[in-house]
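My entries follow in the order in which I checked things.

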Amino acid sequence: NEWSDIRVLDKTLFELIDYLTSNIMLPLGGILIAVFTGWIVKQSLLSDETLMSQTAFKVWIGLVKYAVPGAIFVVMLSVIGVF
């Protein structure tokens, strides 16, 4: 293959695309879904769809708004080698 000799950041093109997809784009998509669900979608719609008690829903929405994006971000940084 003519592309097998091309290296970017000491990775072949396929390895680079695989790394970017699994370590950057998937966690970023998870963060964006959590932010969209927690901050943009109306809570009345979510409450109707989840079929939870009010107390459980409040805990769940708090986790989706604050804990989930932060946790995914920390895991993403850990996977890419920041810490």
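What share of the contacts in the chain with a separation of 6 or more comes from residues 24 or more positions apart? I find that such residues account for 48% of those contacts, where contact means heavy atoms within 4.5 Å.

Before going on, I note that this is a predicted model, in which local features need pLDDT of at least 70 and side-chain atom pairs count only at pLDDT 80 or more, while totals for chains, interfaces and linings use all residues. Residues are numbered from 1 along each chain as its sequence is written, and side-chain values use heavy atoms, with hydrogens and water left out.

**Entry: overall form**

I looked up the elements and found three helices and two strands in the chain, both kinds being DSSP runs numbered from the N terminus (helices H or I, at least four residues; strands E, at least two). From the N terminus on, I read their order as β-β-α-α-α. The radius of gyration, taken over C-alpha atoms, is 18 Å, well over the 12 Å of the globule rule for 83 residues, so the chain is more spread out than a compact globule. For the rule itself I wrote down 2.2 Å times the number of residues to the power 0.38. Along its principal axes, the C-alpha trace spans about 60 × 25 × 15 Å.

I then looked at cover: buried residues make up 22% of the 83 residues, with buried meaning under 20% relative accessible area, exposed over 50%, and partly exposed in between (1.4 Å probe, protein chains only). The accessible surface of the chain comes to about 6,300 Å², and 68% of this belongs to carbon and sulfur atoms; accessible areas come from the Shrake-Rupley method with a 1.4 Å probe, and for residues only the protein chains shown count as cover.

**Entry: two leucines with positive phi**

L9 lies in the loop between β1 (7-8) and β2, and its phi is near 55°, a positive value in a residue other than glycine. L9 counts as exposed because its relative accessibility is 70%. L51, in the loop between α2 (43-50) and α3 (54-80), also has a positive phi of about 55° although it is not a glycine, and I noted L51 as exposed, with a relative accessible area of 75%.

Is T12 buried or exposed? T12, placed in strand β2 (residues 11-12), is buried because its relative accessible area is 19%. Not counting residues up to four places away in sequence, T12 touches S4, I6 and R7. L13 lies in helix α1 and counts as partly exposed at 30% relative accessibility; with the same exclusion of residues up to four places away, L13 touches W3 and I6. I also checked the distance from L13 to K42, 29 residues apart along the chain, and their C-alpha atoms are separated by 42 Å.

**Entry: a nonpolar patch**

Which element gives the most to the nonpolar patch? It is helix α1 (residues 13-40), with four residues. The patch on the surface is formed by V35, F36, W39, I40 and Y66, with about 550 Å² of accessible area together. F36, in helix α1, counts as partly exposed at 44% relative accessibility.

Definitions and conventions:
Patch = residues over 30% accessible without salt bridge, like charges linked within 9 Å, V, L, I, M, F, W, Y side chains within 5 Å. Salt bridge = Lys/Arg side-chain N within 4 Å of Asp/Glu carboxyl O.
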